[in-house]
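Here's a quick briefing to read with the model open in your viewer.

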Amino acid sequence: MAVDRTQTGVRLYTPLLKTLKGLAEYLDMTLSDLLEGIILHGLENKQAFTDEQLEVIGRIKGIYGCDWVATDSHMHPDQEGKDGKR
């Protein structure tokens, strides 16, 4: 089945992006496939990772200094102002 995909410009917290890239590499998949899987699981209120994978994620987060947790979502303003200027 052919799937249409769109290239996006998504801004992410740098340590989070590095963690996701590291996890994708560990799982031997593309970052896109990892993100799609996480999002689809979340939209169905399903757990995206096994306990073993969550342990690996914790180690990868430590390597890249990713200290954000779910409650940090939407709590960190971008460095840009509302006018789009830094």
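## Salt bridges first

Asp-33 and Arg-5 join their side chains in a salt bridge, at 4.0 Å from N to O. Asp-33 sits in helix α2 and Arg-5 in the segment before α1 (14-26), so this pair ties together parts that are 28 residues apart in sequence. Before going further, note that this is a predicted model: local features need pLDDT of at least 70, side-chain atom pairs count only at pLDDT 80 or more, and totals for chains, interfaces and linings use all residues. Residues are numbered from 1 along each chain as its sequence is written, and side-chain values use heavy atoms, with hydrogens and water left out.

**More on the salt bridges**

- To count as a salt bridge, a side-chain nitrogen of Lys or Arg has to be within 4 Å of a carboxyl oxygen of Asp or Glu. By that rule the count is 3 salt bridges.
- Arg-5 also bridges to Glu-36, with the closest N and O atoms 2.8 Å apart. Here too distant parts of the chain are linked, with Glu-36 in helix α2 and Arg-5 in the segment before α1, 31 residues apart.
- Put together, Arg-5, Asp-33 and Glu-36 make up a network of salt bridges.
- How open are these side chains? The labels go by relative accessible area: buried is under 20%, exposed is over 50%, and partly exposed is in between (1.4 Å probe, protein chains only). Arg-5 is exposed at 52%, while Asp-33 is partly exposed at 37% and Glu-36 is partly exposed at 30%.
- Glu-44 and Lys-46 form a salt bridge as well, their closest N and O atoms being 3.0 Å apart.

**The aromatic pair**

- How many aromatic pairs does a search of the whole structure find? It turns up 1.
- Tyr-13 and Trp-68 are the partners, and they are stacked, with 3.9 Å centre to centre and 5 degrees between the planes.
- Tyr-13 lies in the segment before α1 and Trp-68 in the segment after α3 (51-64), so the pair ties together parts 55 residues apart in sequence.
- For the cut-offs, rings of Phe, Tyr and Trp (its six-membered ring) pair if their centres lie within 6.5 Å; planes under 30 degrees apart count as stacked, over 60 as edge-to-face and the rest as tilted.
- Tyr-13 is partly exposed at 25% relative accessibility, and Trp-68 is partly exposed at 26%.

- Helices here are DSSP runs (H or I, at least four residues), numbered from the N terminus.
- With 13 residues at 1.5 Å a residue, α1 should span 18 Å, and its end C-alpha atoms are 18 Å apart, which agrees. The expected span is 1.5 Å times one less than the number of residues.
- Which residues of α1 are buried? They are Pro-15, Thr-19, Leu-20, Gly-22, Leu-23 and Ala-24.
- Those buried residues pack against α2 and α3, where contact means heavy atoms within 4.5 Å.
- Thr-19, in helix α1, counts as buried at 5% relative accessibility. Leaving out residues up to four places away in sequence, Thr-19 touches Ile-60, Lys-61, Tyr-64 and Cys-66.

- As background, most residues other than glycine have a negative phi.
- Asp-28 isn't a glycine, yet has a positive phi of about 55 degrees.
- Asn-45 is another residue other than glycine with a positive phi, near 55 degrees. Asn-45 belongs to the loop between α2 and α3 and is exposed at 73%.

**A nonpolar patch on the surface**

- Ile-39, Leu-40 and Leu-43 form a nonpolar surface patch, with about 350 Å² of accessible area together.
- Patch members have over 30% relative accessible area and no salt bridge; nonpolar side chains (Val, Leu, Ile, Met, Phe, Trp, Tyr) are joined within 5 Å, and like charges within 9 Å.
- The areas come from the Shrake-Rupley method with a 1.4 Å probe, and for residues only the protein chains shown count as cover.
- Leu-40 is in helix α2 (residues 31-43) and is exposed, with a relative accessible area of 52%.

Key: Helices (H or I, at least four residues) and strands (E, at least two) are DSSP runs, numbered from the N terminus.
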